[in-house]
Structure formats: C-alpha cells, structure tokens
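Dear colleague,

I am passing on a structure that will be new to you, and I would be glad if you could look it over. My notes on what was found in it follow below.

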Amino acid sequence: MASIHRRPNSKFWHASWYDDNGRQILRSTKQTDRKLALAVAVEFERAERLVKETRANETQFRKVLNDIMVRSGSTERLRTTSVRSWFTEWLRRKEVKRSEETADRYKGVINTFLTELDKQADAPLGDLRARDIDEHITRRLKSSSVKTAKLHLEVIRSALELARRQGLIDANPAEAVENPEGQGETHEPFTNAEVAMLIKAADPEWRTLVLLGARTGARLVTLASLRWDQVDLAKGVLTIAKPGKRGNAVDVP
C-alpha cells in the first residue's frame, strides 16, 4: 500500500511503495497538501501495477496519468491525437502542397488504411503498431500489385515520420515494416502496328485520343480535357501541364 512522507527541508510530500521485488520506490508528488499527495501516491502505485499485471497500452497509461492530474487538483489534461485525426490533418497539408492528382492518390491510401483499421482508427496515435501497418500492406499485396503496396507503405511511413518529428510519437512504427519485394508488373509500349489496329477499331472520337496518347504519353484524363488554346497547329505542339506540378506546363510535339 502506498504511503507518503515529507523529507526534511522539503515542502512537498513524497510517495513511497514497494515493487514486486521488494524494492522501495520513492517519488515526489509535487503536492504540499497531505490528502492530495496521498491520492497521487495511490495512482503512482496503480500505474506500476498496470505494467506488471497487464499489457498496458498508451490509452490506459494516459487514463492513469489524467487521473493523477485530476486528483492533484490540476485543471489541465493530456492532449491526445487519434490515428484518424492525425492522418486527416497530414492529408490536409498535402492537399495544399501537392498537385491534385498526387493528393488524390494519398487520399485513396489514407481512406483505405483507416477503413481497415476500423475502430482502432479512433485510438491514440501511439497505439498504432508495426503489425497493424504490416497487415495492411499484406492485404495490398494480395489484392493489388507490389507497386501499389509500396505506395501505401511510403505514404503511411511519411505521415508517421512527421508525427515522430513533432513529438506526437516516440518512434515511427512503419520503419519496422519491410518494403514489399519485387518490381511489380511491367508494360511494354504499343508498337506502331498495334496503334494502327486500335485506331482502326475505335470510333472517331477515340481515334483522336488513342493517337494523342501514343504520340505524347499523356494521361487519358489530360488528353480528354484539352482545350483549343493548348493546341498550336502551326508549331505542331500541345501545351500540357506537367504531372505532379501545379501551374507548370510543357510543350509536347
């Protein structure tokens, strides 16, 4: 049972209790009121027992620490950041700094990850473990490609690394997850004969898109949204925005 005593020349009460090995533990309660000091001492002992008897996680420890702050008369509480709130905040920052296309890719990764976490997405960020991320990456390998799995791990790792640098977590759990192996699927470009076959089989509108795609390498959505002010027939070039770069454009023959 925890007890308290006051040391000579100290205005604070000190907590005292014994661990499982019979060793006496002494901690200052930082309290001058005897009743409050005893309440804090009891919580100190409860926190240590929580470690010994259960597999306590960050959520449980924060509850104990908040209880100590309440009993000590403090009006402050520990601030917690959930997995969902952090990844949502990280994604919001990326939407400002990255191109719309890149932001959409990140959004797809984060939404899928949070959906698979289910209720755990609302747990404290510090509760997230490497195995949770590893299970997510394994699912991507089974349902998608190695390239997709690598993208998901890269995005999750980046978000958690920023959280680590800001002091929200002690370590980045994604660093303990191995990178997916393999290079994924590779695709060879269409030959001129294959392009000719596609053009012959397509209706007039698609013939233009097929020919533009084969000659410029641009994405379908980019070509389908071309405007006449992007077409210079005299010079024989198209002005197309660079992938991943807002506001920048390149002239493509």
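In this predicted model, the axes of helices α3 and α4 come within 10 Å and cross at roughly 175°. An angle over 145 degrees counts as roughly antiparallel, and α3 and α4 are therefore roughly antiparallel to each other. On the α3 side the contact is made by V83, R84, F87, W90, L91, K94 and E95, while α4 contributes A103, Y106, K107, I110, F113, L114 and L117. Sorted by class, the contact of α3 with α4 has 10 nonpolar and 4 charged residues, and no polar ones.

A search of the whole structure for aromatic pairs finds 2 of them. In one, F87 and F113 are arranged edge-to-face, with 5.6 Å from centre to centre and 70° between the planes. Since F87 lies in helix α3 (residues 83-97) and F113 in helix α4 (residues 100-117), this pair ties together parts that are 26 residues apart in sequence. F87 counts as buried, with a relative accessibility of 0%, and F113 is likewise buried, with a relative accessible area of 0%.

There is also the pair of W90 and Y106, whose ring centres are 5.5 Å apart and whose planes stand at 35°, so that the pair is tilted. W90 belongs to helix α3 and Y106 to helix α4, so the pair ties together parts that are 16 residues apart in sequence. W90 has a relative accessible area of 2% and is buried; Y106, with a relative accessible area of 12%, is buried as well, because the limit for that class is under 20%.

Another ring to look at is that of W13, where R34 lies over the face, at 5.7 Å from the ring centre.

Finally, I would point you to F190, which is found in the loop between α6 (146-165) and α7 (192-201). Is F190 buried or exposed? With a relative accessibility of 60%, F190 counts as exposed, since the cut-off for that class is over 50%. When its neighbours within four places in sequence are left aside, F190 is in contact with V195 and L198. From C-alpha to C-alpha, F190 and A214 are 7.6 Å apart in space, although 24 residues separate them in sequence.

With kind regards

Methods
Residues numbered from 1 in each chain as written. Predicted model: local features only at pLDDT ≥ 70, side-chain atom pairs only at ≥ 80, totals over all residues. Heavy atoms only, no water. Phe/Tyr/Trp six-rings, centres within 6.5 Å; stacked < 30°, edge-to-face > 60°. Helix = DSSP H or I, 4+ residues; strand = E, 2+ residues; numbered from the N terminus. Buried < 20%, exposed > 50% of the residue type's maximum accessible area, 1.4 Å probe, protein only. Lys NZ or Arg CZ within 6 Å of the ring centre and 35° of its normal. Contact = heavy atoms within 4.5 Å. Axes fitted to C-alpha atoms, helices over the stretch in contact; angles between N-to-C directions. Parallel < 35°, antiparallel > 145°, perpendicular 65-115°, else oblique. Nonpolar A, V, L, I, M, F, W, Y, C, P; charged D, E, K, R; others polar.
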